[in-house]
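I set out to record what I looked up in this structure, entry by entry.

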Amino acid sequence: MRKKASKAAQGLSLLAVAALALTACGGSDNAGSDGSTGSASGAGSDLPLVQAGTLTVCSDIPYPPFEFEEGGKYTGFDIDLITDIASEMGLEVSIQDVGFDALQSGVTLAAGQCDLGASAMTITEDRKKNIAFSDPYYDSLQSLLVPEGSDIKAIDDLAGKKVGVQQGTTGESYTRDNAPSDAEIVAFPSDAEMYQAIQAGQVDALLQDLPVNIGHTKDGKFTLVQEYKTDEQYGFAAKKEGSEALVSAVNDALSTLRDNGKYQEIYDKYFTE
């Protein structure tokens, strides 16, 4: 990810963020993609959780098709998958909308605002310094989106152009490493601001995760001109220390969903036309 300008949380000390988290935990909740409240397995009953009986999950919303709001409810590939994982663990699920920059840096998780991060987050060695990751659950590519009819056909054509990225993401890192030196890289807090900027002509292109950019081509006004194989994989994030049992339970549930076909059902819902 990302799905990734920070929502100001990253610059706070862990102590300050922890204090804020006490009031922030009353944010938006979500009962789950199918309304389920957990299976009989009860695998999560002995885990140290923010709220007993509930898997509290932080996500930077919107970032379709991975996380977005529809009909007053959070949904998307990540949300549906983590909801079914919680169900396998015998837990309900509560979704909290947070800034990606603080989430991917480990600040939000260390502050105890949530048990897990599910936000199209690429597993990287740098992030592993501050975060524990589940097994990978999605393979991703980066991509370049431009207005239909643009003279930009490849990343090398960004010389002298403005390209939008999401701050703190692997898309931003890839752009800074590979775009021409005179390209102007404009970092945004989220995809929503990025998309508004290209619609308004404030940037000439967007470079970010392929599935997200694909969503912006549906009205015919924008097109994909390049994809970049970066060998990225997404993982669910947990706090660095003391989350071993939680991560193990998540991995077990993810494996079960792969074996019983539910993972494929969710994948096909969002990525198979």
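In which sense do strand β8 and β9 pair, and over how many bridges? I found that β8 (residues 162–166) and β9 pair in the parallel sense over five bridges.

**Basis.** I worked on a predicted model, in which local features need pLDDT of at least 70 and side-chain atom pairs count only at pLDDT 80 or more, while totals for chains, interfaces and linings use all residues. Residues are numbered from 1 along each chain as its sequence is written, and side-chain values use heavy atoms, with hydrogens and water left out.

**Open sheet.** I noted for the terms that helices (H or I, at least four residues) and strands (E, at least two) are DSSP runs numbered from the N terminus, and that two strands pair if DSSP finds at least two bridges between them. I looked up the strand order and read β9-β8-β10-β7-β11, an open sheet of five strands with mixed pairing. The edge strands, each pairing on one side only, are β9 (184–188) and β11 (222–234). On average, neighbouring strands of this sheet are turned by 20 degrees against each other, direction ignored; the axes are lines fitted to C-alpha atoms (for helices over the stretch in contact), and angles run from 0 to 180 degrees between N-to-C directions.

**Strand β1.** I next asked how many residues of β1 are buried. Six of the six are buried, so β1 is largely enclosed by the rest of the structure; buried means under 20% relative accessible area, exposed over 50%, and partly exposed in between (1.4 Å probe, protein chains only). In a regular strand the side chains alternate between the two faces of the sheet. Here I saw Thr54, Thr56 and Cys58 point one way from β1, and Leu55, Val57 and Ser59 the other way. β1 runs parallel to strand β4 (residues 92–97), joined by six bridges, and Ser59 has Asp97 in β4 as its bridge partner. β1 also pairs with β5 in the parallel sense, over two bridges, with Val57 opposite Leu116 in β5.

**Disulfide.** I found one disulfide in the structure, the term being a pair of cysteine sulfur atoms within 2.5 Å. Cys58 and Cys114 form the disulfide, with their sulfur atoms 2.4 Å apart. Cys58 lies in strand β1 (residues 54–59) and Cys114 in the loop between α4 (107–110) and β5 (116–117), so the pair ties together parts that are 56 residues apart in sequence. The S-S torsion of Cys58 and Cys114 is about -115 degrees, so the disulfide is left-handed. I recorded both Cys58 and Cys114 as buried.

**Asp84.** I located Asp84 in helix α2 (residues 77–88). Asp84 is buried, at a relative accessible area of 14%. The C-alpha atoms of Asp84 and Leu257 are separated by 7.9 Å, although these residues are 173 residues apart along the chain.
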